[in-house]
Amino acid sequence: MARAAVLGRLTWQVGTVAVVREETATARTIVLDVPGWSGHTAGQHVDVRLTAQDGYSTQRSYSIASAPAPGRLELTVQRLEDGEVSPYLTDVLKPGFPLELRGPIGGWFAWDPAAAGPVLLVAGGSGVVPLMSMIRARAAAGSHAPFRLVYSVRSPDTALYPAELAQRGHAGEGVEVSWVYTRSAPAGARVRVGRLNPVVLAAPGWTPEAAPAVFICGPTGFVEAAASLLVRAGHDPGVIKTERFGPSGGQA
Amino acid sequence: MNTHLDGNVLAGALGEVFAVDITTAVAQCASCGTSQAMGQALVYTDAPGLVARCRTCGEVVLRVTRSPGRTWLDMRGVRCLELHVPGE
C-alpha cells in the first residue's frame, strides 16, 4: 500500500468534509472522505488548494494526522492569524463542503510500521501532527516498536490530542510521552517550565546506543535546536529526519 | 531571510512531473560530491520557486519553478540522481 501510494504522478482530487473536530481554540481536525484514496504512509502530507471565484488560487501543505485508511484521512490545521489558507479551513469549512487536495506526498519523512526498531519523535507545537499519525499507525498495525514522543508546547491549552496521548502513553502501551512546557505548565504539575533540553531528550533507554530512528517536526527554530541537541548527545545525524514548517511554502 | 525548510517541501511540485517520490531519491551534489536524500536538502522558499541547497556545502542542488501550465527544473547542481522504483 505504501508503495502503491507513491507511484504515479500527483493529480488534484476533491474530498468532502465528513466531520470537523475542535482540538484547541485555534486548531481543528478536518475529517475528509476522498473517493479512491488508497491510504498513506504515516508522516506524509497533502497539498490543499483553495480557488477563489475570480480564479485566483493558492495552496498549502498539511500533514495527515490519522492512521492510514482507504477512502478517508484527517488533517489537523493550526490557524495562523495572517494565514491565507488556514483561516478558511479552521473558521469557514463545514461538513459537506468540498476540498481540493492532492497526495499523499513525500516518502522521506515517513515511518513504515514494518520497521521494528525504536522511534524517537520530537514535536514542537503543531509539529506533532505527522508524528501523531505515526503513533496511530503503530497502534493500528499492532506494531510493538518502542516509541517515545517528546512534545514541546507553550502551555497546556495549546496542546493537540492531550487526552489521546495520555491514553496511548499508559504504561504497557509501548509509547512514552514526555511534555515540555515553554511558557506555563499545568496547574499543580511538578514540571519545570523551559525549553527543550538534553535532560528531557536523554531518557533511560533512549540513548544514541539504542539507535532510535528520529523524527523531528516543528517550526524551523525548534527543529534546529532539537536536531543539534540530539547530534551533540551522540545521535547519528544520518538517522535524524526533520520537517520544518516556516512562513511560506511549508505547512501553513 | 535565511530560514529554510527541508527537502520534504519539494515533494508536491516534483510529484507533478516525476512518477516516483523525489524526497527519498539520493542526489550527489555536483559541487562537493556528497550523496544525500533530497529530503535532507535545505530548501529556501523565499525565492521565485523552490531552491534546494546541499546540506554539506550549501551550494544549489536543484531549483524548481512553477507557473500556470509549466514547470522549470534546474538540476545543474545534481551530478547523479538515484531514484527508488516502487514495486521491485
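This is a predicted model: local features need pLDDT of at least 70, side-chain atom pairs count only at pLDDT 80 or more; totals for chains, interfaces and linings use all residues.

At the interface, 26 residues of chain B are in contact with 25 residues of chain A. The two chains bury about 2000 Å² between them, and carbon and sulfur atoms give 54% of that area. On the side of chain B, Leu5(B), Asn8(B) and Glu16(B) lose the most area to chain A, together 24% of what that side buries.

In one of them, the side chain of Glu16(B) meets that of Arg102(A), at 2.4 Å from N to O. Eleven residue pairs are also found in polar contact between chain B and chain A. Which elements of chain B give two or more residues to the side that touches chain A? They are β1 (5–6) and α1 (10–15). The largest share, four residues, comes from α1(B). By residue class, that side of chain B divides into eleven nonpolar, ten polar and five charged residues.

I now move to the sheet. Chain B has an open sheet of three strands, in the order β3-β2-β8, with antiparallel pairing. Strands β3 (35–37) and β8 (78–82) of chain B stand at the edges, each with a single partner strand, so one side of each is left without a neighbour in the sheet. From one strand to the next, the twist averages 25°. Strand β2 (residues 26–29) of chain B is joined to β8(B) by four bridges, and Gln28(B) has Cys80(B) as its bridge partner in β8(B).

Thank you for your attention.

Technical notes
Residues are numbered from 1 along each chain as its sequence is written. Chains are lettered from A and ligands numbered from 1 in the order in which they are written. Side-chain values use heavy atoms; hydrogens and water are left out. Contact means heavy atoms within 4.5 Å. Buried area is the accessible area (1.4 Å probe) that two parts lose on being put together, summed over both. A salt bridge is a side-chain nitrogen of Lys or Arg within 4 Å of a carboxyl oxygen of Asp or Glu. A polar contact is a pair of N or O atoms within 3.5 Å; within protein, one must be able to donate a hydrogen and the other to accept it, and residues adjacent in sequence count only if both atoms are side-chain atoms. Ala, Val, Leu, Ile, Met, Phe, Trp, Tyr, Cys and Pro count as nonpolar, Asp, Glu, Lys and Arg as charged, and the others, Gly among them, as polar. Two strands pair if DSSP finds at least two bridges between them. Axes are lines fitted to C-alpha atoms, for helices over the stretch in contact, and angles run from 0 to 180 degrees between N-to-C directions.
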